[in-house]
Amino acid sequence: MSLNPQEKFESLGLSLPPAPQPLGIYKPYLLDGKYLYLSGHGPVQDDKSLIIGRIGEDMDIEAGKLAARQVGLTMLSTIITNFGSLSKVKRVIKVLGMVNCTSDFLKHPYVINGCSELFAEVWGQENGIGVRSAVGFGSLPDNIPVEVEALFELY
């Protein structure tokens, strides 16, 4: 018997941070037919604080990857808060990962793997991995190390 995505997540024993509320003029998500667009999310922690820092300056690559995983958890929280279950998502279509890093940092995809690996754990290899871009930026809002936006297909 295989577990559905919500059950898979619950079996991981991870905690979800609260779903973030917009701090600007935008929607955290938009539903268009069977497509769910999530706006850029940052690494919200369980106490609502953000992970802060620039990769290559304030934190190393492994801390950056963990921050990307935390962004993934924040995105899962938005889905559950607004749609009730991760099992309503059929698959991940696209992920855009933005890494706040020094100009000599070159391992953006490795950092964003933190989010992508979480999605693969929840929805499986076939449905949890979509197309992806991982790019570096000189800064991100509030000096967060990672921001991710994504597109999902719903059932």
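Here is a short walk through two residues of this structure, Trp123 and Asn100. The model is predicted, so local features need pLDDT of at least 70 and side-chain atom pairs count only at pLDDT 80 or more, while totals for chains, interfaces and linings use all residues. Residues are numbered from 1 along each chain as its sequence is written, and side-chain values use heavy atoms, with hydrogens and water left out.

Let us start with Trp123, which sits in helix H3, residues 108–128 (helices, H or I, of at least four residues and strands, E, of at least two are DSSP runs, numbered from the N terminus). Trp123 counts as buried because its relative accessibility is 5% (buried means under 20% relative accessible area, exposed over 50% and partly exposed in between, with a 1.4 Å probe and protein chains only). Setting aside residues up to four places away in sequence, Trp123 touches Pro5, Lys8, Leu76, Ile79, Leu86, Val89, Val92, Gly128 and Phe152 (contact means heavy atoms within 4.5 Å). With Val89, the side chain of Trp123 reaches the backbone oxygen at 3.4 Å.

Now turn to Asn100, found in strand E3, residues 89–100. Asn100 counts as buried because its relative accessibility is 0%. Its side chain makes a polar contact of 3.0 Å with the side chain of Asn143 (a pair of N or O atoms within 3.5 Å; within protein, one must be able to donate a hydrogen and the other to accept it, and residues adjacent in sequence count only if both atoms are side-chain atoms). A polar atom of the Asn100 side chain also lies 3.1 Å from the backbone oxygen of Ile144. Beyond neighbours within four places in sequence, the contacts of Asn100 include Gly53, Arg54, Ile55, Phe137 and Pro145.
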